[in-house]
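Subject: Structure handover

Hello,

Here is the structure we talked about. My notes on what was found in it come after.

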2 protein chains.
Amino acid sequence: MARIESVDIFYLAMPEILDIGDGSQDLTLVRVQAGEHVGWGECEASPLPTIAALVTPMSHSACKPVRDSVLGQPLDNIEDIHRITRLVRENSLDLLQSDHTLSGIDIALWDTLGKSLSAPVWQLLGVSAPEPRLPYASQLFGDTPDETFAKCRASHSAGYRAVKVGWGPYGRGSVEADADQVAAARAGLGPDGILLVDAGTVWGDDVSAAVARLPSLQAADVTWLEEPFVAGALDSYRDLGRQSGSVRLAGGEGCHDPYAARTMIDHAGLGFIQVDAGRIGGITSARRVAEYAATRGVPYVNHTFTSHLALSASLQPFADSEVGSVCEYPVEPKSLATAITRDHILPGTDGMIRLSERPGLGIDVNVVAARAYLVDTEITAGGRVLYRTPDLVD
Amino acid sequence: MARIESVDIFYLAMPEILDIGDGSQDLTLVRVQAGEHVGWGECEASPLPTIAALVTPMSHSACKPVRDSVLGQPLDNIEDIHRITRLVRENSLDLLQSDHTLSGIDIALWDTLGKSLSAPVWQLLGVSAPEPRLPYASQLFGDTPDETFAKCRASHSAGYRAVKVGWGPYGRGSVEADADQVAAARAGLGPDGILLVDAGTVWGDDVSAAVARLPSLQAADVTWLEEPFVAGALDSYRDLGRQSGSVRLAGGEGCHDPYAARTMIDHAGLGFIQVDAGRIGGITSARRVAEYAATRGVPYVNHTFTSHLALSASLQPFADSEVGSVCEYPVEPKSLATAITRDHILPGTDGMIRLSERPGLGIDVNVVAARAYLVDTEITAGGRVLYRTPDLVD
């Protein structure tokens with residue numbers, strides 16, 4: 001029997017963090033060791049609070065550090081991982097950040113277990129053969145329509161048949177300015193490509209602001225409008241969805257547990273449910289959402305804007321769903337996100353991406369390259385060192 | 001014009017933290033200074049991750065430290081506080097713990113503004129005269145029915161007409177053991193008192209486990225069963241609520257933004273919505289829930305298990321709702337929670353409690369007493385000291 005001997009989190013960052021909607025500028029890397037095997041994961045989360053949630057002293061019986069529910073646990077089979085999820089959620093019920101901390105740990109547990117059982121994670125999830133996915137080139141809007149045109153043209157030229165543009169100036173200026181941006185994106189992508197638009201929750205819960213953008217989105221044949229509102233604004237989603245015609249709504253990346261995603265599926269009138277395994281509690285929780293979404297006929301799509309470790313983790317939970325459906329694929333990550341893995345999931349000659357057949361997540365971490373981005377961190381409380389950046393080795 | 005000059009968080013704790021459901025064992029105290037005025041607040045949260053969310057470096061445009069949305073902001077009127085809430089939620093959208101950090105800050109902002117305008121917070125909220133509330137003595141189940149009987153008898157003897165028992169062994173053993181506990185509580189309280197039972201989310205989302213306890217709850221004339229399930233398990237709440245007869249369901253303390261509480265009101269079939277101002281985003285967010293709950297005819301009740309600073313903050317948002325309704329009143333807090341304030345909200349000769357008429361929250365912090373519980377904390381990252389426990393002074 002293997003037991004979990006260590007759980008370590010590393011704070012990595014670019015030398016400079018820009019005030020833009022690019023989530024690849026820092027990274028919360030997780031390493032788990034059980035027996036002879038080491039697995040890796042990533043939290044899509046603010047590194048420092050995520051580390052604090054791992055190591056903070058207990059506040060009471062339902063507010064314990066995440067580490068206490070993981071260290072020393074057996075890790076021999078899938079049920080062990082499910083039990084750890086239940087333990088963390090029960091023991092850290094009142095520690096809000098714990099869902100983000102659990103996410104990277106859970107991913108690392110699946111990677112570890114896959115390596116120990118010599119099986120890819122999708123196989124452990126019961127998938128016999130993962131479906132190829134059409135990657136959509138996920139990028140930020142340019143500052144101007146010309147820039148957006150150039151970005152989408154570049155993605156088209158690189159072979160992408162689907163493109164998403166989001167954040168940046170979209171929704172922050174006039175309705176006309178937004179229409180120009182969307183039209184520029186369509187012109188850059190060409191008439192046949194799948195165009196997706198991400199509003200990045202810019203309208204809060206203001207339905208009328210979103211409705212004003214519908215004509216330009218419809219005119220550009222946009223497949224989905226993503227996150228017009230914050231994740232909890234169910235009524236706003238439902239109201240907009242009733243008026244959005246050919247443009248369907250997508251959302252869910254903000255969900256930090258499977259219940260929240262289920263609630264959006266049930267009550268927000270979504271066309272697509274988007275889940276980040278690095279936020280919702282890891283692969284275990286993401287898989288629950290994917291299974292539920294399938295029963296409700298709502299297509300599941302990953303949210304991923306960082307490394308290919310996170311990409312592999314986010315693709316596993318819906319490896320068997322809907323043939324040919326799209327997946328998010330970041331095309332302008334910072335060097336950090338690219339450098340930390342030796343392996344990358346690249347589109348084939350048919351433009352599709354495929355999960356690795358190798359054990360675990362099939363993505364080796366490049367610890368030597370990652371060290372260059374390490375932010376040395378120390379947390380002390382009451383005279384005790386609770387956290388000091390561990391050695392970053394395999 | 002006053003500007004917010006400082007926002008400080010202090011980590012306080014009892015010398016020993018027990019592995020029991022008692023949330024008063026540590027405390028996240030917030031101090032805000034704007035112009036000449038100092039205000040205080042409290043987060044019902046794990047202190048270390050809450051501090052980390054205040055000071056962590058930016059990850060990207062929607063994942064910024066909470067401090068960046070507060071420091072330097074004007075604080076002259078209510079709209080200033082509303083704007084700060086919007087700023088934090090937009091700028092820290094992807095920083096999960098930020099809602100808990102915001103909560104204590106928002107409470108401190110209302111306290112500061114009240115002092116600067118010489119008005120109690122309830123008056124700033126538009127309440128002309130706060131309703132007296134019937135405090136229910138909130139306590140943990142004893143380890144045995146005899147202990148529970150003794151606790152409830154003591155509360156009855158102390159003059160409490162309503163008692164809540166929760167956590168401890170309840171729901172963790174047999175149906176019969178739970179029935180004995182509830183019957184003991186009723187016997188201790190006497191036949192006329194209002195008896196409430198808190199299951200502390202022990203059944204996750206398992207409706208059948210909760211249904212098995214209904215006969216004993218009904219036999220003991222329990223007014224509400226609190227948190228049979230975790231906050232997100234809407235379907236489980238709704239299913240149980242349809243079968244629970246005279247026992248109504250209460251929940252909501254886990255909600256960390258107003259949308260989540262609204263979703264529970266709309267979709268969980270609750271008899272009572274319970275909100276902790278120290279978790280949901282402060283008084284601003286709690287007031288939104290109280291106003292919405294009133295339109296839906298669902299009684300709003302505070303969740304409070306710590307100090308009288310937190311108690312005052314949690315009572316303000318529903319100061320004008322439903323004459324004579326109950327409120328949570330912790331009766332076995334640790335010395336920390338009692339010591340940190342000079343003022344306490346005590347039941348009058350009629351057994352009711354009333355909010356202070358003094359400016360702000362009407363609760364002075366006892367910094368000298370609080371210092372004895374201070375946990376010296378330091379966080380460094382990338383060679384910079386991001387946090388070091390500030391001087392705890394008025």
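In chain B of this predicted model, helix H2 (residues 78–91) and helix H3 (residues 98–117) have axes that come within 11 Å and cross at roughly 170°. An angle over 145 degrees counts as roughly antiparallel, so that is the description for H2(B) relative to H3(B). On the H2(B) side, the residues that meet H3(B) are Ile78(B), Ile81(B), Ile84(B), Thr85(B), Val88(B) and Arg89(B). Their counterparts in H3(B) are Asp99(B), Leu102(B), Asp106(B), Leu109(B), Trp110(B) and Leu113(B). By type, the residues of this contact are eight nonpolar, one polar and three charged.

Chain A has a helix H2 at residues 78–91, and Ile84(A) is found in it. Ile84(A) has 0% relative accessibility and therefore counts as buried. Beyond its neighbours within four places in sequence, Ile84(A) is in contact with Ile4(A), Ser69(A), Val70(A), Gln73(A), Pro74(A) and Leu109(A). One of these, Pro74(A), is ten residues from Ile84(A) in sequence, with 9.3 Å between the C-alpha atoms.

The largest nonpolar core here has 231 residues. Those with the most contacts inside it are Leu12, Leu29 and Ile273 of chain A, and Leu12, Leu29 and Ile273 of chain B. Leaving out neighbours within four places in sequence, Leu12(B) is in contact with Leu29(B), and also with residues including Asp26(B), Leu336(B), Ile340(B), Tyr373(B) and Leu392(B).

Asp276(B) is a charged residue in the loop between strand E9 (272–275) and helix H11 (277–280) of chain B. Is Asp276(B) buried or exposed? Its relative accessibility is 4%, so Asp276(B) counts as buried. Not counting residues up to four places away in sequence, Asp276(B) touches Glu44(B), His303(B), Thr304(B) and Ser314(B). Asn302(B) is 26 residues from Asp276(B) in sequence, and their C-alpha atoms are 5.9 Å apart.

Regards

Key: Residues are numbered from 1 along each chain as its sequence is written. Chains are lettered from A and ligands numbered from 1 in the order in which they are written. This is a predicted model: local features need pLDDT of at least 70, side-chain atom pairs count only at pLDDT 80 or more; totals for chains, interfaces and linings use all residues. Side-chain values use heavy atoms; hydrogens and water are left out. Axes are lines fitted to C-alpha atoms, for helices over the stretch in contact, and angles run from 0 to 180 degrees between N-to-C directions. Helices (H or I, at least four residues) and strands (E, at least two) are DSSP runs, numbered from the N terminus. Angles under 35 degrees count as roughly parallel, over 145 as roughly antiparallel, 65 to 115 as roughly perpendicular and the rest as oblique. Contact means heavy atoms within 4.5 Å. A nonpolar core is a set of buried Ala, Val, Leu, Ile, Met, Phe, Trp, Tyr and Cys residues joined through side-chain atoms within 4.5 Å. Buried means under 20% relative accessible area, exposed over 50%, partly exposed in between (1.4 Å probe, protein chains only).
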